[in-house]
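Hi everyone, thanks for coming. Let me put today's structure on the screen, and then we'll walk through one part of it together.

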Amino acid sequence: MPRPPGRPFGAPAPRVTGRERPEPSSQLPARAPMSNAPSELVLGVIGGSGLYAMEGLTEVREVELATPFGNPSDAFVTGVLDGVRMVFLPRHGRGHRITPSEINFRANIWGMKRLGVSRILSVSAVGSMREDIAPGDFVVIDQFIDRTRHRPDTFFSGGIVAHVMFADPVCEDLRADILEGAKGLGVKVHDGGTYLCMEGPQFSTRAESKLYRSWGVDVIGMTNLQEAKLAREAEICYATVAMATDYDCWHEGHDDVTIDAILAVMHKNVANARELVRRTVPVAARRPECRHKDALKNAILTAPDAITPEVRARLGLLIDKYLPA
Ligand SMILES: [Zn+2]
């Protein structure tokens, strides 16, 4: 199905597709039924296409929306799991048609914010840079190194400047909830690690791979850092589950990474990831909001009277709470 062209910001609310009728009030997805003691949490999940096809997800809908930054990777899939409202997005689009460099990270995170998401659990395939992180292992990372070159990775430009704190790029609360949810999963889960985000789409050279190991990198991937930066600017908690598929090319005892080998492990990883999301939802639902909901406080350097109506119209979703009415 062709994607709709981008619409100018400010006009229509998200379009709910499928047989369900839009909510009369807001056209946004319904809340969980009151009888099920709904959590205020709206949990976003960014990952592969198989992730939202999970047992127990009810009130499933697709929501297409345009953003001031263009179109997201795909329609968002919303639903309710264990009384928690969920929003899913396949970051490469269904059918895996968008390269890491082509992903519209800003539109993806903006869409999550627009749909009320307060925490994002990101799931991503990575290469392992460490002997003891075997293919099939999960790493709940806590740091990033940036080796990307071609990507817009801030909402704040074109007339407004903001510098958010990013020393700890991953939400510790959400990380703890994922680790709790992973208990009994039957997958080896590593607590903490540094994710090097490379540009791709080609894999690393052997020299690069060895260099990154000397830097103390634990896993290597192509997508998660921009999501983490933009989520912080959007005041959304963010954590990554990095699923190892291979040993990159540094490992002398293993065949160099091939697409076939990676796909075989990825298939198993997606099933495990789905189960991990299912187990993490009730844990996260019990936790109150964390400090990242105010991440922009004291971060916007531009004087309020220097913020033009155009900037305010473009970024109102993020900045209105900090500006005079
Ligand atoms: Zn947080």
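So, what percentage of the 325 residues in the chain do buried residues make up? The figure is 43%, where buried is taken as 20 or more other C-beta atoms, placed from the backbone, within 10 Å of the residue's own. Please keep in mind that this is a predicted model: local features need pLDDT of at least 70, side-chain atom pairs count only at pLDDT 80 or more, and totals for chains, interfaces and linings use all residues. Residues are numbered from 1 along each chain as its sequence is written.

The chain has six helices and 12 strands, which are DSSP runs numbered from the N terminus (helices H or I, at least four residues; strands E, at least two).

Now to helix H5, residues 259-285. H5 has 27 residues and reaches 37 Å from first C-alpha to last, close to the 39 Å expected, that is, 1.5 Å times one less than its number of residues. Its buried residues include Asn-269, Arg-274 and Leu-276. The buried residues of H5 pack against several elements, among them strand E2 (42-47), strand E12 (237-246) and helix H2 (172-181).

Let's look at that last partner. The axes of H2 and H5 come within 8 Å and cross at roughly 125°; these axes are lines fitted to C-alpha atoms over the stretch in contact, with angles from 0 to 180 degrees between N-to-C directions. Leu-174, Asp-177, Ile-178, Glu-180 and Gly-181 in H2 meet Leu-276, Arg-279, Thr-280, Val-283 and Ala-284 in H5, with contact meaning C-beta atoms, placed from the backbone, within 7 Å.

Terms used: Buried ≥ 20, exposed ≤ 12 C-beta atoms within 10 Å, placed from the backbone. Contact = placed C-beta atoms within 7 Å.
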